[in-house]
Amino acid sequence: LPEISRYMSESGYQKEMSELAGRMSGIDLVEYAAYLNLSKVFKSILKASEGELYTMVSAYLDKWNIWNVRQIIRGKSFGLDEASIREDLVAAGSLSEEDLEKLLSLSTVEEVVTEYSRMDSVNIPQDVISSYALSGSLAIIEDHLYKFRYSRLLEAIVPNSRPTLMFQDYVRREIDTVNFSTILKLKAEGIYGEAAVANYIIPGGKQIDRRTGVQLANAETIAAMASEASQLDFYENIRHHMESENVSIRCIESAMKKYGMGLANKFSHMNPLSVAPVVDYMIHKETEVFNILAIARGLQSGIDTDTIKGLLVI
């Protein structure tokens, strides 16, 4: 970790490492510096964007608003203090630090969700909040936020040109990988079948429509998914992991991220004077931070180098 910290201090994270070095060290310093740098970069991109580009970039960065709301409601649910919750926030979306402080100051999950829906113009039906109140399951709220995020992102992309059409296609394929990952995780927990899985599926995918989703969901095991999954565009990227005796969902997810990066690279290079390079850059920046943290956490946990390498998205 000291070597990683020194390397970061000598590369693109100098300012953040200097800011935090006096009060942090080890894995905390690496994580905070990486996320602080990412948030500054994304805020800068959002500030520099105008018109249609701003609308699309802002909608894309909704993921970080949802990340933060998720951290806050989970923290409130577990009775954590504001300082502990604040440590996990990444101000990389359209919500300002003042907005996040406002959410932190609220007492209950319901208050946080209601205030967030007002701040970010997010439609959270009362029945979602009521269902949470009855069950106490935060997954009900989180699932709704993820679905709303992708719905708004697709709405923000007006496919009136080749670049925006390709961006829309990219987002729909990303939804496919998210849904595929969800089905895998549920299956690993012994949860399968249309009725059990349907509520977790995000609408709007490119290839995993309702019919394909039902067929994947009805397979009782991950191995049994292979025949249906083989029809998906990204299957060649995950075939080795899917057909392995010891299936690793984390490795499959990493392979799907590499597939997504390949798509982003392709539409960026084909449309250099459009939204494409901006999105491609943000995807690569997120991946860079993901890789830094995977290496740092892996080394801290004593995981062998080859295993860590297998988790990286390069």
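**Figure 1. The second largest pocket and its lining.** Fourteen residues, written 14 in the count, line the second largest pocket, and A198, I201, D209, R210 and G213 lie nearest its centre. This is a predicted model, in which local features need pLDDT of at least 70 and side-chain atom pairs count only at pLDDT 80 or more, while totals for chains, interfaces and linings use all residues. Residues are numbered from 1 along each chain as its sequence is written, and side-chain values use heavy atoms, with hydrogens and water left out. A pocket is found on a 1 Å grid over the protein atoms alone: it is an open set of points where a 1.4 Å probe fits, with protein on both sides within 12 Å along at least five of seven lines. Lining residues have an atom within 4 Å of a point. The volume of the second largest pocket is about 220 Å³, taken as the space filled by probe spheres set on the points, with grid points joined across faces, edges and corners. By class, eight lining residues are nonpolar, three are polar and three are charged. Here Ala, Val, Leu, Ile, Met, Phe, Trp, Tyr, Cys and Pro count as nonpolar, Asp, Glu, Lys and Arg as charged, and the others, Gly among them, as polar.

**Figure 2. Helix α13 beside the pocket.** Helices are DSSP runs of H or I with at least four residues, numbered from the N terminus. Both α12 (194-197) and α13 (210-218) supply at least two residues each to the lining of the second largest pocket. The most comes from α13, with four residues. D209 caps the N-terminal end of α13, where a side-chain oxygen lies 3.3 Å from the backbone nitrogen of R211. Within α13, T212, G213, V214, L216 and A217 are buried. Buried means under 20% relative accessible area, exposed means over 50%, and partly exposed lies in between (1.4 Å probe, protein chains only). The buried residues of α13 pack against α11 (162-188), α12 and α14 (226-229). N199 sits in the loop between α12 and α13. With a relative accessible area of 56%, N199 is exposed.

Figure 3. E16, M17 and L20 are buried in helix α2 (residues 14-21). Why do they share a side of α2? They cover an arc of only 100° around the axis, so they are on the same side of α2. The arc is that of the directions from the helix axis to the C-beta atoms. An α-helix has 3.6 residues a turn, so residues three or four places apart point the same way. K15 and S18 are exposed on the other side of α2. The buried residues of α2 pack against α1 (2-9) and α3 (26-48).

Figure 4. N65 belongs to helix α5 (residues 62-77). It counts as buried because its relative accessibility is 0%. A polar contact is a pair of N or O atoms within 3.5 Å; within protein, one must be able to donate a hydrogen and the other to accept it, and residues adjacent in sequence count only if both atoms are side-chain atoms. The side chains of N65 and S94 make such a contact at 2.9 Å. Another polar contact, of 3.3 Å, joins the side chains of N65 and D120. A polar atom of the N65 side chain also lies 3.2 Å from the backbone nitrogen of L95. Contact in general means heavy atoms within 4.5 Å. Leaving aside neighbours within four places in sequence, N65 is in contact with G93, S94, L95, Y116 and D120.

Figure 5. L95 lies in the loop between α6 (82-86) and α7 (97-105). At 3% relative accessibility, L95 is buried. Residues up to four places away in sequence aside, L95 touches K43, N65, L100, L103, Y116, M119 and D120. The loop between α8 (109-119) and α9 (126-135) holds D120. D120 is buried, at 9% relative accessible area. Beyond four places in sequence, the contacts of D120 are D62, N65, S94, L95 and R152. S121 lies in the loop between α8 and α9. S121 is exposed, at 56% relative accessible area. Its phi is positive, about 55°, although S121 is not a glycine.

Figure 6. E31 is in helix α3. E31 and I292 are 261 residues apart in sequence, yet 8.4 Å apart in space, C-alpha to C-alpha. Neighbours within four places aside, E31 is in contact with L293 and R297.
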